[in-house]
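Hello,

Here is the structure I promised to pass on. Please have a look, then read my notes below.

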Amino acid sequence: MPWPSLVALEQRVSAWHLKRCHNIADLRKAAKRRVPAPMFHYMDGAADDEVTMERNATAFDDLELLPRNLIDITNIDTSTTVLGQPVSMPLILAPTGMSRLFHWDGERAVSRAAARAGTIYSLSTVGTHSIEEVAAECAGPKWFQIYVFKDRGLITEFIERCRAARYHALCLTIDLPLTGNRERDMRTGMTVPPALTMQSWLSFFLHPIWSLCHVTSPPFTLANVAHRVSASQDVQTLQSYIGSQFDRSVTWEDARVMVEQWNGPFAVKGILTAEDAKRAVDIGATAIIVSNHGGRQLDHVPAPIASLPEIVAAVDGRAEVIVDGGVRRGTDVLKALALGAQACMTGRGYLFGLGAGGEAGVDRALSLYKKEIALDMALLGVRNVKEITREHVRYRRRIRD
């Protein structure tokens, strides 16, 4: 933990910024001001020309909400369940790697905020705090995001640790056999851990609170695999170890084995087609997460909200369907629910809050989402999420010449 006086200063500055944040876009602007450029663009950027990332958000614009009026909306209930877990709103927190890049308290801060908000936090395999550390901090429901690694013993270890730490579900990410072409990171000279180079020095200098908090905190590491590399604990070595574990030969049979090993709620993340959704259900997945990794892998793939209807139809009630990608407003969540999703996921949405103001910033992001969802439900004329149906949405009618 940084010096107490530095933490107090950071909290005062954060409070000043957060008062001026009235939506997720405001939090993004605040994060850009508060986080050095290499870290911010690592959070904000995507692959190639970033076409997919942009479409993730703008695809929601193709849908119109159809409100019902003269309905008693005195009481609005935003709560629902996701994989059997009650949540305060149909929005859960997606797994994001290396959260200490954006704030010194990283995943611990996010998990505490998620628990206070009454929703699910998903810890990444490449988190900077361990499975056990997050479990000790987070009183709410937790998922662990995992890959199929070459070393199947590592998978077994993670499963046993998650079971012992009382994680509710596993979330298998299937769209990262290797890392996408993230050109923003090349341009900004992004390194992990953050290093003072000629290219990045000025940005670190202009963000003194972030920089001081970083250098006065414990060393940056990938906590879940640090014990696997005995020769060195530096993060470059650990990143190389993780990279070496990605298995390009993975098949659906490997995923099926993981489902059997876990023998509990199991989500498959990274699905964009009906065919893959059916395969995931066939191997025993209990949730399908429609996602393109935030546009950070293959560019020019469909936006998750665009793929949602065909996937809901293919799954046909055999698993829950969750939409991950471009969710920035309460209206986005309502559109996804109307098309058949059980809930949405957000990654950048809460990371912008983390960068803007640490734990308080994540609190702010989640409160903004929940406030918008409740308000938009009232204006739509629904009192609870079960009342949101396909009749509440239509594709925008374009005027032709």
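How many aromatic pairs does the count come to? The count comes to six aromatic pairs. The rule takes rings of Phe, Tyr and Trp (its six-membered ring), with centres within 6.5 Å. One aromatic cluster is formed by F144, Y147, F149, F158 and Y167.

Before the rest, two notes on the source. This is a predicted model, where local features need pLDDT of at least 70, side-chain atom pairs count only at pLDDT 80 or more, and totals for chains, interfaces and linings use all residues. Residues are numbered from 1 along each chain as its sequence is written, and side-chain values use heavy atoms, with hydrogens and water left out.

Charges over rings come next. A charge sits over a ring if NZ of Lys or CZ of Arg is within 6 Å of the ring centre and within 35 degrees of the ring normal. Y167 has K142 over its face, 5.8 Å from the ring centre. R20 places its charged end over the ring of W16, at 3.9 Å from the centre.

Now the helices. They are DSSP runs (H or I, at least four residues), numbered from the N terminus. Axes are lines fitted to C-alpha atoms over the stretch in contact, and angles run from 0 to 180 degrees between N-to-C directions.

Helix α7 (residues 152–164) packs with helix α12 (residues 252–262) at about 30°, the axes 10 Å apart. The two are therefore roughly parallel (angles under 35 degrees). On the α7 side, R152, I155, T156, I159, C162 and R163 make the contact (heavy atoms within 4.5 Å). They meet D254, M258, Q261 and W262 in α12. By class, this contact of α7 with α12 has five nonpolar, two polar and three charged residues. Nonpolar means Ala, Val, Leu, Ile, Met, Phe, Trp, Tyr, Cys and Pro; charged means Asp, Glu, Lys and Arg; the others, Gly among them, are polar.

Helix α1 (residues 4–18) and helix α2 (residues 24–34) cross at roughly 145°, their axes coming within 10 Å. E10, V13, S14, H17 and L18 in α1 meet L27, R33 and R34 in α2.

Best wishes

Methods: Angles under 35 degrees count as roughly parallel, over 145 as roughly antiparallel, 65 to 115 as roughly perpendicular and the rest as oblique. Rings of Phe, Tyr and Trp (its six-membered ring) pair if their centres lie within 6.5 Å; planes under 30 degrees apart count as stacked, over 60 as edge-to-face and the rest as tilted.
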